[in-house]
Amino acid sequence: MTDKVLIARLDNMGDVLLAGPCVRAVAAGGDSVTMLAGPHGRDAAALLPGVDEVIEWCAPWIDPQPPPITAHGMREFRARVEAAVPDRALILTSFHQSPLPLALALREAGVPWIGAISEDYPGALLDLRHRVGGDPPEAERALSLARAAGYGLPPGDDGRLAVREPLPDVTELTGGPGYVVVHPAASVPAREWAADRYAGLVRLLAAEGRRVLVTGSGTDRPRAQRIAGHDAVNLAGCTDLPGLAAVLAGADVLVAPNTGPAHLAAAVGTPVVSLFAPVVPAARWAPYRVPTVLLGDQHAPCRDSRARHCPVLGHPCLNRISPETVAEAVSDLAGAPRAPELTGGTR
């Protein structure tokens, strides 16, 4: 009897990276793991140790720009799931998402056993309805589902985030290790620090004698260039995801908002200065088990709102942070050992 498991995480890169410990637990006990990921998380799914195959599908109830639901699209989805022949499925969702629409689609595709974390009554949609109390980090929440389904991390796996190795050689871009990476962009504007403050930070770091690299996607490149100015190297659009992981692996510190690359830095063990807007809880979504300084007013009026655009004039939860404060945090972390359990407080 086989144990081929489909694990679904249908949102963004960071969400998929935080599923890594869960994936490794299932891979240790199952025969194979197929990852069902959305278009924004597909590349991250391919980076996770333990994943044998990736199916990309854009879920109309998850994606911020959802495609229409059509009979043809659902038939195509069913055919792709049937081709993977999963014996079981685990559906990973954020606390505010329901797993039940996907559970219904997987049932129709013939998956015989499905488990998920669900507060909603699942009827016949779930074989395992797992519940999680409190406010655990997202990686631990996902791992708890694997454990409830009978899978545990193998001996020697301490449950941190991880990516597949080896990573590519990026020294032509970075000039070798020992630099600070500034990644200004987030998936929504409510999580971003102002560009002029990033530019001021870059000037301060350069004046301290630090090499600074600014990263981002190709569409981020013009803003990244304004931030980099003449004091930093603009690498926005210059790497794929494995390349970005390699750039982060060689960094002393990453400065970033709550965004996928902050979790990618955690997966390669790089300390993070986290400019964290409280629109989602830091307890769940802060960089996981790496040295971190968390900046931002975690009690601001936007707290837990999941706002995409800041509802408070002037974006005070982040824009009251000065470049000098961030530069000081960089100095604190740059001298710290790259140990997993050193976590700074809110400042």
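Predicted model: local features only at pLDDT ≥ 70, side-chain atom pairs only at ≥ 80, totals over all residues.

Biologist: OK. Which residues does Ile-7 touch, leaving out those up to four places away in sequence?

Modeller: Ile-7 touches Val-23, Val-26, Val-33, Thr-34, Met-35, Leu-36, Leu-90 and Leu-92.

Biologist: How many residues are in the largest nonpolar core?

Modeller: That core has 64 residues, and Ile-7 is among those with the most contacts inside it, along with Val-26, Met-35, Val-181, Leu-248, Leu-254 and Leu-264. Helix H10, residues 241–249, supplies the largest share of this core, six residues. Another core, of 34 residues, lies apart from it and includes Val-212, Ala-224, Val-253 and Leu-295.

Biologist: Now strand S2. Why is S2 described as largely enclosed by the rest of the structure?

Modeller: Strand S2 covers residues 32–37, and six of its six residues are buried, so the rest of the structure largely encloses it.

Biologist: Which way do its side chains point?

Modeller: Ser-32, Thr-34 and Leu-36 point one way from S2, while Val-33, Met-35 and Ala-37 point the other way. In a regular strand, side chains alternate between the two faces of the sheet. Here the residues on both sides of S2 are buried.

Biologist: What does S2 pair with?

Modeller: Strand S1, residues 4–9, runs parallel to S2 and is joined to it by six bridges. Ala-8 has Leu-36 as its bridge partner in S2. Strand S3, residues 53–56, also pairs with S2 in the parallel sense, over four bridges. There, Met-35 has Val-54 as its bridge partner in S3.

Biologist: Which helix goes with S2 and S3 in the β-α-β unit?

Modeller: Helix H3, residues 42–47; together with S2 and S3 it makes a right-handed β-α-β unit.

Biologist: Changing topic: is Leu-213 buried or exposed?

Modeller: Leu-213 counts as buried because its relative accessibility is 3%, and the cut-off for buried is under 20%. Leu-213 sits in strand S8, residues 212–214. Beyond its neighbours within four places in sequence, Leu-213 is in contact with Thr-174, Tyr-179, Val-180, Val-181, Val-182, Val-233, Leu-235 and Val-247.

Biologist: And where is His-315?

Modeller: His-315 is in the loop between strand S12 (292–295) and helix H13 (316–319). At 9% relative accessibility, His-315 counts as buried. A polar atom of the His-315 side chain lies 3.0 Å from the backbone oxygen of Glu-192.

How values were computed. Residues numbered from 1 in each chain as written. Heavy atoms only, no water. Core = buried A, V, L, I, M, F, W, Y, C linked by side-chain atoms within 4.5 Å. Buried < 20%, exposed > 50% of the residue type's maximum accessible area, 1.4 Å probe, protein only. Helix = DSSP H or I, 4+ residues; strand = E, 2+ residues; numbered from the N terminus. Contact = heavy atoms within 4.5 Å. Pairing = 2+ DSSP bridges. Right-handed = clockwise from strand over helix to strand, strands pointing away. Polar contact = N/O pair within 3.5 Å; in protein donor to acceptor, adjacent residues only side chain to side chain.
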